[in-house]
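Colleague: I want to know what stands behind the terms in this model. Let's take them one by one.

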Amino acid sequence: MHSQTILILDFGSQTTQLIARRIREQKVYSEIHPYTLPLARLKELRPAGIILSGGPASVYDEDAPISDPGLFELGVPVLGICYGAQLMMQQLGGRVERAEKREFGKAELRIREAEGLFSGLETAPSHYQVWMSHGDRVEEVAPGFITTADTEHSPFAALRHQGKPFSAVQFHPEVAHTLIGTDILRNFIFGICGCEAAWTMQSFIESTVEAVRAKVGSDRVICALSGGVDSTVTAAMIHRAIGSQLTCIHVNNGLMRTNESESVLHFFRERTDLEVIDINAEVYFLERLKGIADPEEKRKRIGYGFIEIFEQEAKKLGQVKYLAQGTLYPDVIESVVFRGKAPIKSHHNVGGLPERMDLALIEPLRELFKDEVRELGLELGLPEEAIFRQPFPGPGLGIRIMGEVSAERLRILRQADVIVLEEMKQSGWYRKVWQSFAVLLPIQTVGVMGDSRTYEHVIAIRSVDSRDAMTADWSQLPYDLLGRISTRIINEVRGVNRVVYDISSKPPSTIEWE
Ligand code: XMP
């Protein structure tokens, strides 16, 4: 455990993870737990401060998510955000009701008291842009609280207790649209909780090494190594902790890109001292995917297939108790089933796991975002070429072929994908964008080549800019680059007569098509 932690209780908001990230950007460690975290466990974590996140529910709903009110007895500072603010009011004796007018989007905040959360800012008539998203509002403030800021529709946009370190904000300080969000969070963690800016990647490495050693003891660990940034950094991290107790396994699932398995193995054997077993399971995976067009079913079959192979290998090695995976924070968030809402997708290394598995999981990057993982990788001494690879999903080309996966469709997509990568690299755009790749659509369209009619496949090009894959914009690639990619694919890849460019952002789309 880190010496100073801001603990976030998650009530299901889409922006909860941003709270953690904003705090960690200030070099203070922050961890997210579900709102159901038992009080005894919360006490053990000895947080320097607690944040109650936003969420989609209403506090007066019968089945409203409620955290243990005992957390207000610990003498630890608490900040409630949106739903968390309303819950704080309700649990401490105030009243929350449905607002006549929902407040959604930008609002002008007028600060009444430039102290505490608003220390260093200016009081009204100055005003600041904040971001609201709520349908309920506080009607009666809990005893002991006073208003510290308001907006046109929220007379209690911010509140603080007069004698205890509790504050509440109706708006979301964690989102970029709240221009003073960082000031507010800084005031909370440094001013109110008394944290120091001491959390660095080096301290993350030290505490993770310690935690992995304590968990693993003298057992053996296997690590699934795809060659992507996440699994490479995971392996390096675990290797730092337990050295030769770690064995890495690279599975060629037949859904990799052209020459990918070969170059990944070459890299690890030449450039690192990790022990890597390689397994060719191309036929096995293609068999499993035969006739399957549903994207979630494909993901599950690929995920289970991986686990079957890992379990077989673990048996051969003997004494293996753990499987290490490069699960990142966004994977965890998007696979959460919150109060019956369908998960967005089953990331193969999270939701796609069978319920019963012989191996226990170790996921040392579970709390990190991609850019933090890259920073960690460099800190661990991995070469830039391994760290600045674009992300590639665990289920590989399996989810970039819409509909059924077949050897012929894989051939088409692989050839198109190589062209995209070559052109992106050559033009210097590869490292400027988050991800760029080809997708094979399950339709054919009419074209004309030479003097004859063709009826062939369509390739979609997807390229996005993003900071952490939680949100993304389509990349504004130069037309001549797009033109070159299109011409080359249509000329060089047999079976394709049309190329389109995807201009959707996330949300409401996602990065992968599936
Ligand atoms: P989406 O499509 O959800 O993708 O916007 C977000 C990011 O996650 C990658 N991705 C995956 N990575 N296993 C992974 O390791 C998966 O199952 C998976 N699905 C999506 C995707 O490439 C993008 O970078």
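Modeller: Start with domain 1 and domain 2: three residue pairs are in polar contact between them, both residues at pLDDT 80 or more. This is a predicted model, where local features need pLDDT of at least 70, side-chain atom pairs count only at pLDDT 80 or more, and totals for chains, interfaces and linings use all residues. Residues are numbered from 1 along each chain as its sequence is written, and side-chain values use heavy atoms, leaving out hydrogens and water.

Colleague: What makes a pair a polar contact?

Modeller: Two N or O atoms must lie within 3.5 Å. Within protein, one must be able to donate a hydrogen and the other to accept it. Residues adjacent in sequence count only if both atoms are side-chain atoms.

Colleague: Which elements give two or more residues to the side of domain 1 that touches domain 2?

Modeller: Helix 1 (16-25) and strand 2 (29-34) do. Helices (H or I, at least four residues) and strands (E, at least two) are DSSP runs, numbered from the N terminus.

Colleague: Why is the pair Glu372 and Arg24 called a salt bridge?

Modeller: The rule asks for a side-chain nitrogen of Lys or Arg within 4 Å of a carboxyl oxygen of Asp or Glu. Here the closest N and O atoms are 2.5 Å apart, so the pair passes.

Colleague: Where do the domain bounds come from?

Modeller: From an automatic or database domain assignment. The assignment gives domain 1 (6-192), domain 2 (201-387) and domain 3 (401-501).

Colleague: How many residues of domain 1 and domain 2 are in contact?

Modeller: 16 residues of domain 1 touch 10 residues of domain 2, and contact means heavy atoms within 4.5 Å. About 1,200 Å² is buried between domain 1 and domain 2, with 50% of it from carbon and sulfur atoms. Buried area is the accessible area (1.4 Å probe) that two parts lose on being put together, summed over both. In domain 1, Gln17, Arg21 and Arg24 lose the most, together 44% of what that side buries.

Colleague: What is the strand order in the sheet of nine strands?

Modeller: The order is 2-1-3-4-9-8-7-5-6, an open sheet with mixed pairing.

Colleague: Why are strand 2 and strand 6 called edges?

Modeller: Each has a single partner strand, so one side is left without a neighbour in the sheet.

Colleague: How do you know that strand 3 and strand 4 pair?

Modeller: Pairing needs at least two bridges found by DSSP. Three bridges join strand 3 (residues 49-52) to strand 4, so these strands pair. They run parallel.

Colleague: At what angle does helix 1 run to strand 2?

Modeller: At about 160°. Angles run from 0 to 180 degrees between N-to-C directions, with axes fitted to C-alpha atoms, for helices over the stretch in contact.

Colleague: What makes Cys82 stand out?

Modeller: Cys82 has a positive phi of about 55° although it is not a glycine. Cys82 sits in the loop between strand 4 (78-81) and helix 3 (83-91). Most residues other than glycine have a negative phi, and most peptide bonds are trans.

Colleague: Which residues does a cis peptide bond join?

Modeller: Ala124 and Pro125, with omega about 15°. Pro125 lies in the loop between strand 5 (95-111) and strand 6 (128-140). Another cis bond joins Pro507 and Pro508, with omega about 10°.
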